Amino acid sequence: MEAISDIGGGISARKIDDKTMILFFGPQHPSSGHMRIILKLDGDVIIESDPDIGYVHRTMEKLSETKEWIKNSVLFERLAILDAGNVTQAYIIALEKLLGIEPPERALYLRTILSEINRISSHLYGMGIFAIMLGSSTGYMWFFGDREIMVQLAERITGSRLTHTYHIPGGVRRDVSKSFFEELEKGLNYIEKRLRHYEIMFVNNPVVRSRIENVGILSRERAIDLGVTGPNARASGIDFDVRVEEPYGAYSFVDFEVPVYKEGDALARTFQRMDEIRQSISILRQLSKSIPEGPILNEKYLKLFTPAMKEVLEKDKRIKFPAIFTSLKPPSGKAYGRVEEGRGEIFFYLESNGEPKPYRVRVVTPSFRNSILLKYLPVGYRLADLPAIYGSIDYFPPEADR
Amino acid sequence: MSGDSQVKAEFFIENPAELPSVAQTLKEKGYDHVISLSAVDYPKSNEIHLVIHVSSYTKKDIEPKIFEIRVKLNRDNPRVPSLVKIWPSAEFQEREAYEMFGIVFENHPDLRNILLDPEEFSGVHPLRKDYIVQVEDIMLKLKEEVKNGGNK
Amino acid sequence: MMAIGLLEFIKNLILWPPVFYMLIAPGLITIMILLIILIWAERKIAGRIQMRYGPLEISPKIGGAIQLLADLMRYMFQEIIIPRTVDTLPYIIAPIAGFVISMLPIAAIPISPIYFPSPVNNSIIVALALTTLPPIFGILAGWSSNNKFSLIGGARESFLVAAYELIIILSAIGAVIIYGSPDFTQAVSAQKDLWGIVLNPISAIAFYVAVLMATGRFPFEIAEADAEIVMGAYTEYSGLMYGLSMGISYARMFVYNLIFTLLFLGGWYPFFTVPGHTFFSYVIIPATIIILKALIVSLTMVFTRAIYARLRIDQALGGAWKFWFLFSIIGLLWGGAIVLLQGRI
């Protein structure tokens, strides 16, 4: 801390180094997002970076203590709008562990389909922001435009474009029709074709490549030390994916690879996301071929249904919930749920004391775990590299701030 | 997703000063990063439990996958040695626990608020149970109106 | 009689070359119309590539072509906020003087073989000298705004000026020594059979790239990089002042492309006359040809926005000094070699 001295007239001044400049990058800045990074610059080179996050903090952990268990799934999916399915899934998995209930197989498949659709749209969103930070407006428009396909597919499954509220304890809220899988295949073919265009226009564009190659290098050891998660960790050579380490949903029924890059620079992180989209497409194809028929909610809960609710389920293939679920009281205990979200691992820790409201909910989002990169990664690079690094780690302030 | 509702591993530390040595042992065993570092408030027994979940990137066959450490802290003056030296990934999460619960991490390199405004929330720790969330709904307004003798 | 005399006077005043050049063609009015076309085309072409419509709401029947007028109206009615901490006089002068001076080289650029405002024998040198002035006002704006982003933008601008001005002048000389005269009219008449871009393609390419750099086109949109430094030197501007500062780079680009057309694209050739209509033959037709050529070159320049991202300042400067500077010297040598081959020395 520099000394603060009074120079008279009630004005205090701080002596700063003649060579350095302190730059407030955000929160009113075209590419800072809802956050501020306080930079110390020596000429054009960043010598100190201090991310000041929390501008969109909504105290979700505290708010969840004031709401009933089932209502909290609506709260938490507001963490990451494009990854709502994955976030809710982690919460519901933890809640199901508390309740001691398991969803039927078809529900697991449907959850996984939504997860992968969310993953693709989350990656497209991240790369779109990355593209506009590098100044590639075409990349931005393409990624954001094509994201619409995935959003509409999610709408076909869940009935809503972004905040799906699709997962419920013991199953899912709606079933899909046969025609959905034809549309899914059409959408996947389109994205697969477009991936080649992205590579030509964006990733292998000579200017973009020169901006992101060897920029923001994160070594494997440093990534482990900083606890980086998701595609950023895998692009630094950490072969870790929750879908493999602790399979949930239908991931144990499908065959997929986890792409890993060794370089750890912004280019590797971009290629990592492209490869993960390819893997998601392959997972979705396998799932849509092998999805079994059957109920979408655990039998134990189906017994509680009134005849009117059963009729809705038969006719519309959607679940109308018994009112008793609002005062769901899981037995006292604790449980955790972890899910591989688009940006990395999301972790929920629930503690119940047998009341209709949770005693404590702890949620650690991938962006919060990756936010530490904004402190250590830009140091030594140029000011113009900051957007490249920020965009390449796919940092999403609302998710980090919770 | 077995029916097991409890996190299996739990390591309970009564004396906060023992935490660094426990953490060092765990790190040598292969638990190399912190997933979550937070706390749970128990006002009835005047305790705050620091709850740390650690996991491993390097050792695939480690059991359990997520190891939970609980540290009992005095609610009036929660102090605990910082883990940043052992697990650098704890840095931001310790700052969060500091502002949310008022837990002081000794020897933390940069112990400041991270999410909350330091002016508005100095000395106020929102995740403690004695912090009441003001719910803005119609019932609250009615109650206040009744309290104020009706809306005139 | 008085009325006829007055009309005659007004007609003569308008057709007096200095007034005609600065106000009508290729001056203010033409540049305003071209700005509308250029910015509209930039948005439409980019829109076509980026799977969207581009501007459409203002005039759906002509594809939103007058969108820029609507934007200008908005700028005009927006309050001009002058922050208390700025150095007021240079802050106000910078965008206005920058815009005016960016059009000043027109005084030395002939658009017709016999009708020009300033019959200087060194018109190429004068025009190039005048094009170097506007960046000074960009730097002034950055300095007077009292904002760190503006300051960085101004500093970047000054780094770039040092890099591109030399390339532009060297590659212009590479053309001038072939034509043997620093006079635009003689340079154009020397291209009657063969355009300069064929005679000296190296200098032409170096000139083109340097103009991209000078006018902040992609991938050299570095001094106004919005992802890094908000709006560069013009961060603190609002309303009409901001609109003017946006127009500077387009006006400069058009002026540079007039020079490019005269030096490398054969100027007013293919030149033809309509017998009996002297003004039409010697002013309107050559002016139209030159302005069309310059417009097409400008369109290729705005088109780069849809393809490229933006380079870093050190990459752009490194490229300019390590490659394009040497490239323009090769162009100079190429010009000298052509002169030798023609046996003029």
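I began with the second largest cavity, where α1(A) gives the largest share of the lining, three residues. I am working with a predicted model, in which local features need pLDDT of at least 70, side-chain atom pairs count only at pLDDT 80 or more, and totals for chains, interfaces and linings use all residues. Residues are numbered from 1 along each chain as its sequence is written, chains are lettered from A and ligands numbered from 1 in the order in which they are written, and side-chain values use heavy atoms, with hydrogens and water left out.

I noted the terms before going on. A cavity is a set of points, on a 1 Å grid over the protein atoms alone, where a 1.4 Å probe fits but cannot get out, and its lining residues have an atom within 4 Å of a point. Grid points are joined across faces, edges and corners, and a volume is the space filled by probe spheres set on the points. Helices are DSSP runs (H or I, at least four residues), numbered from the N terminus.

**Second largest cavity**

I read about 70 Å³ of space here. The lining includes A:His57, A:Met60 and A:Arg402 from chain A, and B:Glu96, B:Met100 and B:Leu127 from chain B. Both α1 (60-64) of chain A and α2 (91-101) of chain B supply at least two residues of this lining.

**Largest cavity**

I found eight cavities of 30 Å³ or more in the structure, and the largest has a volume of about 250 Å³. Its lining has 22 residues, and C:Glu157, C:Ala214, C:Glu224, C:Ser249 and C:Arg252 lie nearest its centre. Two or more residues each come from α7 (134-144), α8, α11 (201-214) and α13 (239-264) of chain C.

**Chain C against chain A**

I then turned to the contact (heavy atoms within 4.5 Å), which takes 26 residues from chain C and 35 residues from chain A. The buried area, meaning the accessible area (1.4 Å probe) that two parts lose on being put together, summed over both, is about 2400 Å², and carbon and sulfur atoms give 61% of it. In chain C, the residues that lose the most area to chain A are C:Met51, C:Glu228 and C:Arg312, together 22% of what that side buries.

I looked for salt bridges (a side-chain nitrogen of Lys or Arg within 4 Å of a carboxyl oxygen of Asp or Glu), and three cross this interface. I also noted one between the side chains of C:Asp314 and A:Arg382, at 3.4 Å, N to O.

Note on methods:
On a 1 Å grid over the protein atoms alone, a cavity is a set of points where a 1.4 Å probe fits but cannot get out, and a pocket is an open set with protein on both sides within 12 Å along at least five of seven lines; lining residues have an atom within 4 Å of a point.
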